[in-house]
Amino acid sequence: MSEARTIRLAIVDDHPMVREGLRAFLQLSEDIEVAGEAATGEDAIHLADAVRPDVMLMDLVMPGAMDGVAAIREITQRHSDIRIIALTSFQERDRTLGAIRAGAIGYLQKDVSPEDLVTAIRQAAVGRAVLDPVALDALRGGEPRRESKPAGGGAADPYLRQPLTQREQEVLQALAQGMSNKEIAAALGIAEKTVKVHISHILGKLDVYDRTQAVLAATRLGLVRMD
């Protein structure tokens, strides 16, 4: 049998203790190699250029002229094959949308469980979106939760393979609002089986795997309203 692929990971956070804790835990996973660390957005760009990791964990609020969102945007423009997960203690709608629109493949809270973080890294490495449930609510237009930062210490641009039909646009908007297939069917006056067909076509046209990725791609492309 062939050996499992090793995921080269970079950690970007301005707090040394956070980086040390993440590194110590993640290096316990045989398929994850911590290939580098950075403490600022500017350093993150240099690290991406030099190391070319598969996945980057990116803090969004860091010292210096470039925050995490700006760093994500620059890195994904330079290296579309680097998958970036925004990892932060903040939960604000604008920041969530900024990170996703900049090219992050996922958004997680720093209180994510270690096991879920490892799973998210593995999912991101193969191009699957990972999104904190509360962050998904923020994308759908729910009220953001605002938290204070404790004291101390990518994905390629989405595109449409084919234009969406009017009905597919309506179904996509409903998905962004968090509606189930049954609710979509009732709202649009169509059969639930038909909803499933439309969703299948939407996933194919957006070149994504699931509903969450469809919402993320649609957000980046401006195909859905998030107000």
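Me: Does Asp59 count as buried or exposed, and at what relative accessibility?
Reply: This is a predicted model, in which local features need pLDDT of at least 70, side-chain atom pairs count only at pLDDT 80 or more, and totals for chains, interfaces and linings use all residues. Residues are numbered from 1 along each chain as its sequence is written, and side-chain values use heavy atoms, with hydrogens and water left out. Buried means under 20% relative accessible area, exposed over 50%, and partly exposed in between (1.4 Å probe, protein chains only). Asp59 therefore counts as buried, at a relative accessibility of 1%.

Me: Where does Asp59 lie, and for which modified residue does UniProt list Asp59?
Reply: Helices (H or I, at least four residues) and strands (E, at least two) are DSSP runs, numbered from the N terminus. In these terms, Asp59 lies in the loop between β3 (55–58) and α3. UniProt positions are given in the numbering used here, feature names are shortened, and annotations may be inferred rather than shown by experiment. In an unreviewed entry, UniProt lists Asp59 as "modified residue: 4-aspartylphosphate".

Me: Which residues of helix α3 are buried, and what arc do they cover around the axis?
Reply: Helix α3 spans residues 68–78, and its buried residues are Gly68, Val69, Ala71, Ile72, Ile75 and Thr76. The arc is that of the directions from the helix axis to the C-beta atoms. These residues lie on the same side of α3, because they cover an arc of only 160°.

Me: At the start of α3, which residue has a side-chain oxygen that reaches the backbone nitrogen of Val69?
Reply: A polar contact is a pair of N or O atoms within 3.5 Å; within protein, one must be able to donate a hydrogen and the other to accept it, and residues adjacent in sequence count only if both atoms are side-chain atoms. Here the side-chain oxygen comes to within 3.3 Å of the backbone nitrogen of Val69, and the residue that supplies this oxygen is Asp67.

Me: Which side chains meet Arg78 in salt bridges?
Reply: A salt bridge is a side-chain nitrogen of Lys or Arg within 4 Å of a carboxyl oxygen of Asp or Glu. Arg78 and Asp49 meet at 2.5 Å, N to O; Asp49 lies in helix α2 (residues 41–51) and Arg78 in helix α3, so this pair ties together parts that are 29 residues apart in sequence. Arg78 is partly exposed at 43%, as is Asp49 at 32%. With the closest N and O atoms 2.8 Å apart, Arg78 also forms a salt bridge with Glu74.

Me: Which helices does the salt bridge between Glu168 and Lys205 tie together?
Reply: The two side chains meet at 2.8 Å, N to O. Since the partners lie in separate helices, parts that are 37 residues apart in sequence are tied together, namely α7 and α9.

Me: Against which helices do the buried residues of α7 pack?
Reply: Helix α7 (residues 166–176) has buried residues including Glu168, Val171 and Leu172. Contact means heavy atoms within 4.5 Å. The buried residues of α7 pack against α8 (181–188), α9 (192–206) and α10 (211–221).

Me: Which residue in β2 stands opposite Ala10?
Reply: Two strands pair if DSSP finds at least two bridges between them. Six bridges join β1 to β2 (residues 32–38), and the two strands run parallel. In strand β1 (residues 7–12), five of the six residues are buried. Opposite Ala10 stands Gly36.
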